Amino acid sequence: MTTTDQRDSCAALITLLRTIPAQPRDARNPLALLRPLFDGTMTIETALSPAIQDAIAQCEQLAYPRDGRGRNLCDRLSGLPPIPAAHPVSGW
Amino acid sequence: MRPAQRTAPHPGSTPGQRLVRRTTIRRSRREATLQLVRSDHWDALMIGLRAADILQQRFASVYTTHVAGLSTHPRNLLGTVQALFSLVAACGVELPDVMDISANAQDPVAALSTFPPCVQNDSDVLGALDTCRWALESFHPVVYGQLHEVEPLFDGGEQNLLALLLWVLADQTRWSITPDPIQDVIDVAIGEIPPERAAFAARIARLADQRWPRDLPMDAFGQQLDQQTYRGLNLGKAVRYVFSATDLPFADLSMDELEEMGWTGMDWYAVDFATIAADQAEARDYLQHYYDLDALVSTQPEVFDEVLEVLTEAVAATIPVHPCGSPCDQPPTVRGAS
């Protein structure tokens with residue numbers, strides 16, 4: 001049996017929940033955002049919007065993670081001074 | 001320290017079951033994402049969207065009017081690629097033919113919805129988009145330079161005898177670009193010439209001991225040839241083209257060389273289509289002079305002789321003359337055709 005106190009606290013909880021802005025259940029899932037893109041129901045203009053492009057980038061990052069180590073190595077190598085050659089290298 | 005419990009436990013589940021459920025959901029989502037990102041459909045959409053983005057940046061009015069509101073159905077994206085290539089072609093730029101798509105420089109908007117006969121179903125559309133991938137990675141206008149490879153040039157023995165003539169004569173000079181020892185090239189070319197064209201084989205064989213002087217000033221020689229026309233064709237253009245000495249990358253580089261270099265590295269978003277179209281037109285003019293002159297040299301033995309004679313005279317006119325009246329350096333070893 002529900003007491004008056006319990007009913008009041010439930011009502012208060014419901015009121016509190018209603019103050020939270022509604023959002024899709026899987027809004028944090030980029031795949032959900034991209035579903036219309038794959039269904040062919042999204043417009044090209046929307047597909048090029050930052051939100052969709054960001055979701056695409058998130059999915060690609062998941063499939064092809066780039067941890068930056070290769071980039072860092074390239075940056076370091078490109079910053080090295082040229083190797084001094086005492087004599088011209090034959091054949092170059 | 002353990003992380004705080006964020007959700008109320010399900011009355012019927014133990015902590016172990018909850019962990020398995022969350023992990024399963026995460027793994028399932030990850031697998032779904034991986035499956036999608038690595039699918040042909042994903043690739044095709046990304047290719048199409050790349051084209052749409054380029055179109056938005058470079059042809060904004062067409063994009064806004066005809067493309068922005070289209071759905072992301074692969075057929076529309078393939079149409080977008082076709083429209084982009086059509087608009088670039090309408091600027092005068094020649095792009096390499098991409099199989100399975102049809103560009104229409106006269107009516108780029110029609111290209112949004114007109115597909116070649118080979119594109120029938122969705123699978124064909126995805127395949128066609130895939131063939132466009134390399135063309136959209138970076139901007140690749142056509143280049144017209146001659147390939148410097150023996151077999152394709154002299155295959156069949158009925159073409160490019162002008163190139164062979166020039167390769168032999170310039171073998172000792174700064175312009176020499178022969179990939180193999182020149183005698184090997186001569187042997188291959190003669191071996192390709194059919195018996196009924198023996199007159200050409202004899203002429204090529206006689207070239208074996210003819211060379212322009214090693215220190216022939218090629219820039220001055222080129223300028224000398226620029227002044228000369230033969231049967232309405234500019235000799236300077238034809239000769240410079242053969243030696244990739246036009247100073248015009250579109251005339252000096254072949255598609256194969258470009259591929260070996262890793263393509264152009266040009267940026268779709270930054271290139272000036274009008275400048276590229278003008279450079280291509282100039283390069284095509286070089287090619288045309290070569291092509292037309294070669295068509296004469298490779299089919300008429302007397303033209304072969306005449307061109308050799310004209311070149312010989314140009315060499316003689318180029319070599320600096322010493323005040324005493326004789327050439328400063330070694331005399332040219334060129335002889336006229338006998």
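Which side chains meet in a salt bridge with an N to O distance of 2.7 Å? The pair is Asp226(B) and Arg240(B), where a salt bridge is a side-chain nitrogen of Lys or Arg within 4 Å of a carboxyl oxygen of Asp or Glu. Asp226(B) belongs to helix 11 (residues 218-226) of chain B and Arg240(B) to helix 12 (residues 235-242) of chain B, so the bridge ties together parts that are 14 residues apart in sequence. Over all chains, the structure holds 9 salt bridges.

The model is predicted, so local features need pLDDT of at least 70 and side-chain atom pairs count only at pLDDT 80 or more, whereas totals for chains, interfaces and linings use all residues. Residues are numbered from 1 along each chain as its sequence is written, chains are lettered from A and ligands numbered from 1 in the order in which they are written, and side-chain values use heavy atoms, with hydrogens and water left out. Helices are DSSP runs (H or I, at least four residues) numbered from the N terminus.

The two helices joined by this bridge also pack against each other. Helix 11 of chain B and helix 12 of chain B have axes 6 Å apart, at an angle of about 140°; axes are lines fitted to C-alpha atoms over the stretch in contact, and angles run from 0 to 180 degrees between N-to-C directions. That angle makes helix 11 of chain B oblique to helix 12 of chain B, because angles under 35 degrees count as roughly parallel, over 145 as roughly antiparallel, 65 to 115 as roughly perpendicular and the rest as oblique. The contact (heavy atoms within 4.5 Å) includes Asp219(B), Gly222(B) and Asp226(B) of helix 11 of chain B, and Lys237(B), Val239(B) and Arg240(B) of helix 12 of chain B. Its residues divide into 3 nonpolar, 3 polar and 4 charged. In this scheme Ala, Val, Leu, Ile, Met, Phe, Trp, Tyr, Cys and Pro count as nonpolar, Asp, Glu, Lys and Arg as charged, and the others, Gly among them, as polar.

Helix 12 of chain B also meets helix 15 (residues 273-297) of chain B, where the axes come within 8 Å and cross at roughly 100°. The two helices are therefore roughly perpendicular. Among the residues in contact are Arg240(B) and Tyr241(B) in helix 12 of chain B, and Asp285(B) and Tyr290(B) in helix 15 of chain B. The contact comprises 8 nonpolar, 1 polar and 3 charged residues.

Attention now turns to the interface. There, 26 residues of chain B are in contact with 21 residues of chain A. The chains bury about 2000 Å² between them, 72% of it on carbon and sulfur atoms; buried area is the accessible area (1.4 Å probe) that two parts lose on being put together, summed over both. Trp42(B), Leu49(B) and Thr72(B) supply 25% of the area that chain B buries against chain A, more than any other three residues. Across this interface the rule finds 0 salt bridges. On the side of chain B that touches chain A, helix 1 (15-37), helix 2 (40-58), helix 3 (60-67) and helix 4 (74-90) of chain B each supply at least two residues, and helix 2 of chain B gives the most, with 8 residues.
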